[in-house]
Amino acid sequence: MRLHRRTVLGGMAAATALAPMGVLAAGRRPRIGIVGGGIIGASTALQLARAGAEVTVFEKEAPAAGATSRSVAWINPVVNDAHYMRLRLESMKAWLEDDSQWRMNAIWGGSISWAYGEKKRDELAVKAKLLAATDDPPRMLTSEEISRVSPGVFAGDDVSFAFQTMRDGHVDPVVATQRYLAAAKRFGARVIYPCEVMAVEMKGGSLAGVQTSKGHFPLDQLVTAAGTDTPRLMAMIDKPLKLAHKPGLVVHTTPQPVVTRMVYEASSIIEFKQYADGRFLASFTGGPPNLPQHAEILDHQMPYPDEYLRQHHGQMLIDRTARYIPAIARGKATKILLGFRPYPLDNRPICGPVPGAKGVYAIVTHSGITLAPILGRYAAREIMSGEVAPLLQPYRPDRYIPA
Ligand SMILES: Cc1cc2nc3c(=O)[nH]c(=O)nc-3n(C[C@H](O)[C@H](O)[C@H](O)COP(=O)(O)OP(=O)(O)OC[C@H]3O[C@@H](n4cnc5c(N)ncnc54)[C@H](O)[C@@H]3O)c2cc1C
C-alpha cells in the first residue's frame with residue numbers, strides 16, 4: 001500500500017523510519033475508527049482513507065457540530081513561538097493544496113493585527129519579529145495606513161503597533177469539514193452520525209474496539225478527535241487529561257456588500273472578517289469578562305440561558321465591531337454562537353500516540369482550522385507507516401497524559 005507522496009509532508013521528509021511499527025505492519029487493511037466529525041477528524045479521515053485504511057468516523061451529533069462550526073476560522077501563522085509558527089506555516093502550505101484539490105473556497109486575503117497600549121504592543125511585536133524571519137514577513141502599518149490598505153476599517157488614533165500579513169486566509173469551517181468528509185468517503189470512509197462512542201475497549205493494554213450508540217465496532221486503531229470531549233474519551237481508558245476552559249462568542253450577519261477579504265485582529269479584543277457572499281463574522285477574542293453574572297459560563301459549558309441574553313450579546317458584538325468596521329452595523333445577526341475552544345493547557349496542539357494505550361492516537365488543539373491539514377497528514381503517516389514526524393515532537397500527549 002502506498003502513501004500519496006505528492007501531498008505536503010513538511011518535516012516528514014526527514015522523519016526517522018520506524019517501520020514496521022505502523023498499522024500497515026499488520027499486513028491487511030487496517031480498521032481505523034475516528035471519534036469526532038469536526039475539522040480535525042475530517043481531515044485525518046481523508047488522509048487515512050486515501051492511504052488505504054478502512055476508516056469509520058463516529059460523530060455523536062453532526063459533522064462540524066462542535067467548535068468547528070463556532071470558529072472564526074482564520075488560517076494564520078501569527079503566534080509567539082518560532083517552532084509553533086513553523087508548524088502553522090507548514091499547515092498553510094498544505095491548506096493551499098487542500099483548497100485547490102477539494103474546493104474549500106478559502107479566501108487568501110492576508111490579515112491586519114493591531115494593538116492598543118504597551119502590553120499588547122509588546123506581545124504583538126514579538127509575533128511580528130518572528131514573522132519577519134519567515135518567507136511571509138509582515139508589513140508595519142500606522143493607524144492611517146490601516147484605513148488606506150483596507151478602506152472602511154478604522155483602528156483609531158491610539159493604535160500602539162500594527163502589521164499586515166499577506167498570505168493568511170480564512171474559510172467557512174463547516175464547508176471545509178464537509179468537503180473533507182466527502183473526499184474521505186470517495187476513498188471508502190464511512191461517516192456515521194448521530195453515533196456516540198460510549199466506551200473504548202482495551203485488551204491487555206491494546207485497543208480492541210469501541211462500543212457506540214449504534215453497536216460494537218472492532219478496530220485496529222482509534223483516533224480521538226473529540227475536541228473539548230477529549231478528556232471524556234481519555235477517561236474511558238483511564239487516562240486523565242485536563243483542558244483549559246475557553247468560551248468564545250461568534251456572530252454571523254446577513255450578507256452586505258463585500259468590502260474586504262482580510263481578517264482583522266483588534267488588540268485581542270475582537271476578530272472579524274467577511275465571507276465572499278457578504279456575511280460578516282465577528283468574535284470576542286478574550287472570552288467573557290470576569291463579572292458575577294458570568295460565573296457559570298466561566299466555569300463550564302452551557303447554552304445561553306435565554307433568547308433575550310443571546311440576542312443582547314449578539315447585538316453587543318456587532319455594535320463593538322462597528323467601531324472598527326461601520327459596515328457591519330447594517331447587517332442583522334443570523335447566527336449567535338457560543339463556542340468552546342479545545343484548548344490544551346499550554347495552548348499548543350496535543351497530537352500523537354497515547355502513552356500506555358497501544359492503538360489509541362489523540363489529536364486535540366486550538367487553532368484546529370489552521371492546523372487540520374498538517375495534523376491530518378502527519379497523523380495518517382505516523383499511524384500507517386510508523387514514521388515519526390519530527391515537527392510533532394514538542395506536541396506529544398505524554399506532556400499531559402502519563403503512561
Ligand atoms: C470562538 C472560537 C474561535 C476560533 N477561532 C479560530 C481561528 O480563527 N483559527 C483557528 O485555526 N481555530 C480557531 N478556533 C479553534 C478551532 O475552531 C478548533 O481548534 C477546531 O474547530 C477543533 O476541531 P476539532 O475537530 O478538533 O473539534 P470539534 O470541532 O469540537 O469536533 C469534535 C467532534 O467530536 C464529537 N464528539 C465528541 N465526543 C464524541 C463521542 N464520544 N462520540 C462521537 N463523537 C463525539 C463532537 O460532537 C464534535 O463534533 C476557534 C474556536 C472557537 C470556539
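## Helix H2

Helix H2 covers residues 82-102, and its 21 residues should span 30 Å at 1.5 Å a residue, which agrees with the 30 Å between its end C-alpha atoms. The expected span is 1.5 Å times one less than the number of residues. Helices here are DSSP runs of H or I with at least four residues, strands are runs of E with at least two, and both are numbered from the N terminus.

At the start of H2, the backbone nitrogen of His-83 has a side-chain oxygen of Asp-81 within 2.9 Å. After H2 comes Arg-103, with a positive phi near 50°.

## Basis of the model

The model is predicted; local features need pLDDT of at least 70, side-chain atom pairs count only at pLDDT 80 or more, and totals for chains, interfaces and linings use all residues. Residues are numbered from 1 along each chain as its sequence is written, and side-chain values use heavy atoms, with hydrogens and water left out.

## The open sheet

Eight strands form an open sheet with mixed pairing, in the order E5-E6-E4-E15-E16-E17-E14-E18. At its edges, E5 (139-140) and E18 each pair on one side only. Two strands count as paired if DSSP finds at least two bridges between them. In general, strands of a sheet pair through backbone hydrogen bonds, either parallel or antiparallel.

E14 and E18 are antiparallel and share seven bridges. Leu-249 has Leu-338 in E18 as its bridge partner.

## The shell around the ligand

The ligand has 38 residues around it, and those that come nearest are Glu-59, Thr-68, Thr-365, Gly-368 and Thr-370. A residue is near a molecule if one of its heavy atoms lies within 4 Å of it. By class, the shell holds 18 nonpolar, 14 polar and six charged residues. Asp, Glu, Lys and Arg count as charged, while Gly is among the polar residues.

Helix H1 (39-50), strand E14 (247-253), strand E18 (333-340) and helix H8 (368-385) each give the shell at least two residues. H8 supplies the largest share, three residues.

## Polar contacts and burial

A polar contact is a pair of N or O atoms within 3.5 Å. A nitrogen atom of the ligand is 3.3 Å from a backbone N or O atom of Val-72. Taken alone, the ligand exposes 1,000 Å², of which the protein buries 97%; areas come from the Shrake-Rupley method with a 1.4 Å probe.

Methods. A polar contact is a pair of N or O atoms within 3.5 Å; within protein, one must be able to donate a hydrogen and the other to accept it, and residues adjacent in sequence count only if both atoms are side-chain atoms.
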